[in-house]
Every structure is written in C-alpha cells, then in structure tokens.
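These are my notebook entries on one protein chain.

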Amino acid sequence: MGRDGWRIACEDCLSLSVSKLRDLIGGGPGSFVRWAWHWGDRCVLRACFDLVGSGHKLGVRLRYTLGDDDELDYIIPLTSTKPYFGGLRWWFVCPLVIRGVDCGRRVSKLYLPSGGRYFGCRTCYNLTYRSCKDSHKYDALYRRVGADVGLPWWAVKRMFERRYG
C-alpha cells in the first residue's frame, strides 16, 4: 500500500475548521453555536461551541458527548494574525499534549479520528491526505518490477508515468 498505507486520512476524520466558526468569533465573547457532523444520513457527533475570554485571549469552549456517557468539555485556544491585505485571520492552537509536551501548533483545522477523544492537529494524530496515500499505492509494484529488470524503482515509476500517466 505504499509508505502512507497504514496512516489514517484526514478525510476519514471529523474536522473542525476555524472558517466555519467565523460567525461565532465575529459575535464576540458569549457567542454560542451548535454543530453536528454527519456520515451520510447518520449524525455521528453533536457539539456546542462558546466563545470565551476577552481581547486577544480568546478560546472556543467545546462540549460534546462520545458514546453514551463520555462527556467532554475543554477549551481550544485561538490566536490571530494580521494578513498583509488587512483584517484578522483566526487560527486554532492545537490543544493536544503529546508525551507531556503541549503541541501549540497554529492550525486552521482540527481533526477527531475514529477512537479519538479530543480534536487535534493532523501532525499530533499523524494523519495524511487521501491523495498522498493514492500517490504511493503502486510503489511496491515499481520496486518488484525494478528488481526484475535491474532498474531502481523510481526509474520504473517514471517510465510508467510517462507511458500511462
């Protein structure tokens, strides 16, 4: 399956985009939004978001229930940057702690993979994109063909891409 075959794709996770919370952030502290994630016709998660803090110390309080009784309530810090063309651009600060160290990455999207409890960045969850997985799915075949004909695998890949790509 290639080198990314074992990794979970971002597209297979629930995602939370800071751009989808633009109205919440624009409303100021005390704003409240409800959100639901669906797979097909089935609702898999419902959450409540509150904007908390003041000034430049803002965060999104996220509340949801996993399973029947696992209630989670935590704050995802927000930070902003000033783009060259003006205005403000908002970012999540990844709330996960990995091996005792706060991640703290500035990201526009957070993910919740199957079996996860908290939303976090794709680096913390070691996620990949489906397109990356697909781009390496034939690498094992290229290696076998290359070994049979005495060429490096990347040369075989290049030949196939020129001929069939």
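In which sense do β3 and β4 pair, and over how many bridges? I found that β3 and β4 pair in the antiparallel sense, over eight bridges. I count two strands as paired if DSSP finds at least two bridges between them. Helices (H or I, at least four residues) and strands (E, at least two) are DSSP runs, numbered from the N terminus.

**Entry 1: the model.** I noted that this is a predicted model, in which local features need pLDDT of at least 70 and side-chain atom pairs count only at pLDDT 80 or more, while totals for chains, interfaces and linings use all residues. Residues are numbered from 1 along each chain as its sequence is written, and side-chain values use heavy atoms, with hydrogens and water left out. The pLDDT, which is the predictor's confidence in each residue from 0 to 100, averages 83 over the protein, and 90% of the residues score at least 70. Confidence is lowest in helix α2 (residues 130-135), at a mean of 64, and highest in β9, at 96.

**Entry 2: the sheet.** I traced an open sheet of six strands, in the order β2-β3-β4-β5-β6-β9, with antiparallel pairing. The edges are β2 (32-39) and β9 (106-107); each has a single partner strand, so one side of each is left without a neighbour in the sheet. I then followed Y64 of β4: A47 stands opposite Y64, and Y64 also stands opposite L72 in β5. Eight bridges join β4 to β5, whereas two bridges join β6 to β9. At that last pairing, V93 stands opposite R106 in β9.

**Entry 3: the hairpins.** The hairpin of β3 and β4 has two residues between the strands, and G55 takes a positive phi near 60 degrees there. In the hairpin of β4 and β5, with three residues between the strands, G67 takes a positive phi near 65 degrees.

**Entry 4: the core.** A nonpolar core is a set of buried Ala, Val, Leu, Ile, Met, Phe, Trp, Tyr and Cys residues joined through side-chain atoms within 4.5 Å. Buried means under 20% relative accessible area, exposed over 50%, and partly exposed in between (1.4 Å probe, protein chains only). I found 29 residues in the largest core, and Y64 is among those with the most contacts inside it, together with L16, L62, F92 and F119. The largest share of this core, five residues, comes from β4.

**Entry 5: the cysteines.** How many disulfides are there? With a disulfide taken as a pair of cysteine sulfur atoms within 2.5 Å, I counted zero. For C121, the nearest cysteine sulfur is that of C124, 3.5 Å away. C121 counts as buried because its relative accessibility is 1%.

**Entry 6: helix α3.** In α3 (residues 139-149), D139, Y142 and G146 are buried. Seen down the axis, these buried residues fall within an arc of 55 degrees (taken from the directions from the helix axis to the C-beta atoms), so they line one face of the helix. On the other side of α3, I found R144, A147 and D148 exposed.

Entry 7: Most residues other than glycine have a negative phi. I noted R99, which has a positive phi of about 50 degrees and lies in the loop between β7 (97-98) and β8 (101-102). R99 counts as exposed because its relative accessibility is 81%. N126 has a positive phi of about 55 degrees and is partly exposed, at 35%.
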